[in-house]
Amino acid sequence: MGTPSRSSAQRYRPRSSPCPVALAKDPSRQRPSRRSARGPRKRSAPRPVFDGRDRLSWLFLSRLLPVMVLLLVLWLADTASWLPRVAAPSGARQLLLVKAVLVFLSGVMIVARWPRRDQQIQLAIYLDIAFAVLLIHLSGGVAAGFGLLPAVAVIWGAILLEGRQSLLFAALASLGVISQQLYAELYLESYRGSNLEAGLLGLIYFSLAALAHLLSRRLRASERLAARRQLDIADLSTLNDFVIQQLSTGVLVIDGERRIRMLNAAAQRLLPAASAQRGAELGCVAPELLDWLKDSLSGVPARGRTLQLHHRNLRPTLQLLGSSRANGALIYLRDEQELLRQAQEVNLASVGRLSASVAHNIRNPLSAVTHASQLLAESTDLGPEDRSLLTIIQRNAQRIDEIVDSVLELSHRHRAELRRVLLNSWLEEACDEYREHHRLSHEELVLRLPKDSCWVDADLRHLRQIVNNLCDNAREHGKDHQGRCRMRWTLDRDPQTETVEMRLSDQGPGISADQRQSIFEPFFTTSPRGTGLGLYAAKALAEAIGARLEYSDQPQGGSCFSLTFER
């Protein structure tokens, strides 16, 4: 059916304020997801039912087929008794041959795209009405059966052209039929038909033109509404995809054939296989997850069950998208370590004020104890045993003071103020300052920088504390079997994902498997002199500036902490 002369999506695109998706996908501030790394998806406007060339093509076919049928009818009219008799069959055949030639010429004009589309439609309608009236005249009048031929041209004109031109076509067709009827009654004797039949045909032309015009208007309105709805749905789909990609919970959508149809960045990070992409089979990516899905669908109790995938304990949940298998399912993947961390943050936030208040109240009597121990140490009447006990008091008082300082520092943490930082020069200055403060050589703290510039958005105060905490942890726990400390900072940039990674590695004994889940928990330490807040504070500060702090073992031995900045 017909459509407006221009694309409905272009003429009726809703004007709205910039959606959050457009702001969030600013390439200067956000890192591209794995989906968008393949390039931004171009959203084209909905294509109308028929564009300009399609409409002309349908009009060409609707004109060509009746001409062929009428030529066949007139050619067999002399031999077949069941066909209507025509007054001047030879003249009618010649007229139809001329029209057939003109129809083929119109096909050439469609291919050549000249003249304009609306001009080609108007020319075709005018010629069809004129040839139909001449055919009625040559066939002997409206009673011969060809009186409805102008109605076809009027209907096509009302459908394909906007405005009230359909009434003009109906008026021309009615005027032509009535005029030839009057001419035949005045000058021709053997003419079939009456003025009543001609008038009824004119009334039919106007009725069909009005009806087709009304239907075409409603069709165009429906098409414009569908175009707007399609754009709204496309915007909503893009927004949903953006929101899902930002979720920390892994989201996995599979179809009835157990193929992955959609997954977000968190799911790609949690799944073990590098082939975790759209279209991949779930059994090839994660066979354990497929077995869990089969058990859940078969009625085996699977709620609360955890899966070991990629050295992570995952807790999947299932949401069916329909009652049949073909509808697929939605799987949520939650990392138990992340759940524990969130629960821990909630607990820490609830006791944060209490901890700060308690720390303040502890500091006052602690200061008195420390001061009294210092005065007692100046006494000359103390024996060796008393001085040993006094040393224990001073050492533990100092440790309590360090814990109080750490708790107060966590509770009074400043809000992150991000700024653009060149990590190459900043990390070099931080390492030089740490060497000078702790009297380390360049062999004990090595720095390797890339040739490319590594720019990130970070808070310099938080970043400085993260680096110092990681270096203090490596200096305390990362000594080799000879008791020497060997640390190495490595800065690297991935040009594909545009992520920047800082890695601190040592040559110590590493961390045992049963302790890896607890190293970032508060107050967890293996040293009698430690507070257990260094790594916890480093991870919390890393999350505050939008970075990710993780631990991994080195193949040659030792520990490695990586701080990843995602664009």
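## Glu 417 and its surroundings

Glu 417 touches Ala 458, Asp 459 and Arg 461, leaving aside residues up to four places away in sequence, where a contact means heavy atoms within 4.5 Å. Glu 417 sits in the loop between α14 (384-411) and β6 (419-422), and it is exposed, with a relative accessible area of 55%; buried means under 20% relative accessible area, exposed over 50%, and partly exposed in between, with a 1.4 Å probe and protein chains only. The C-alpha atoms of Glu 417 and Asp 457, which are 40 residues apart along the chain, are separated by 9.3 Å.

This is a predicted model, in which local features need pLDDT of at least 70 and side-chain atom pairs count only at pLDDT 80 or more, while totals for chains, interfaces and linings use all residues. Residues are numbered from 1 along each chain as its sequence is written, and side-chain values use heavy atoms, with hydrogens and water left out.

## The chain as a whole

The chain contains 17 helices and 12 strands; helices (H or I, at least four residues) and strands (E, at least two) are DSSP runs, numbered from the N terminus. Of its 567 residues, 38% count as buried. Among the contacts in the chain with a separation of 6 or more, 65% are accounted for by residues 24 or more positions apart.

## The five-stranded sheet

Five strands make up an open sheet in the order β7-β9-β10-β12-β11, and their pairing is mixed; two strands pair if DSSP finds at least two bridges between them. Because β7 (445-448) and β11 (547-553) stand at the edges with a single partner strand each, one side of each is left without a neighbour in the sheet. From one strand to the next, the twist averages 20°. Strands of a sheet pair through backbone hydrogen bonds, either parallel or antiparallel.

Two helices lie against these strands. Helix α15 (residues 423-438) lies across β7, β9 (487-494), β10 (499-506) and β12, and runs at about 170° to β7; axes are lines fitted to C-alpha atoms, for helices over the stretch in contact, and angles run from 0 to 180 degrees between N-to-C directions. Helix α16 (residues 460-477) also packs on the sheet, where it touches β9, β10, β11 and β12, and its direction makes about 135° with that of β9.

## Strand β12 and its partners

Strand β12 (residues 559-565) runs antiparallel to β11 and is joined to it by seven bridges. Within this pairing, Tyr 551 has Phe 561 as its bridge partner in β12, and Ala 547 stands opposite Phe 565. The two strands form a hairpin with five residues between them, and Gly 557 in the turn has a positive phi of about 105°. β12 also pairs with β10 in the antiparallel sense, over six bridges, and here Arg 503 stands opposite Ser 562 in β12.

In a regular strand the side chains alternate between the two faces of the sheet. In β12, Ser 559, Phe 561, Leu 563 and Phe 565 point one way, whereas Cys 560, Ser 562 and Thr 564 point the other way, and all are buried. Seven of the seven residues of β12 are thus buried, so the strand is largely enclosed by the rest of the structure. Ser 505, which lies in strand β10, is buried as well, with a relative accessible area of 6%. Its contacts, not counting residues up to four places away in sequence, are Arg 486, Met 487, Arg 488, Gln 554, Ser 559 and Cys 560.

Helix α6 (residues 149-160) and helix α7 (residues 165-187) pack at an angle of about 165°, with their axes 8 Å apart. The two helices are therefore roughly antiparallel to each other, a term for angles over 145 degrees, with those under 35 counting as roughly parallel, 65 to 115 as roughly perpendicular and the rest as oblique. In their contact, Pro 150, Val 154, Gly 157 and Ala 158 of α6 meet Ser 166, Phe 169, Ala 170 and Ala 173 of α7.

The axes of helix α5 (residues 117-139) and α6 come within 8 Å and cross at roughly 165°, which makes α5 roughly antiparallel to α6. The residues on the α5 side of this contact include Arg 117, Ile 121 and Asp 128, and those on the α6 side include Leu 149, Trp 156 and Leu 160.
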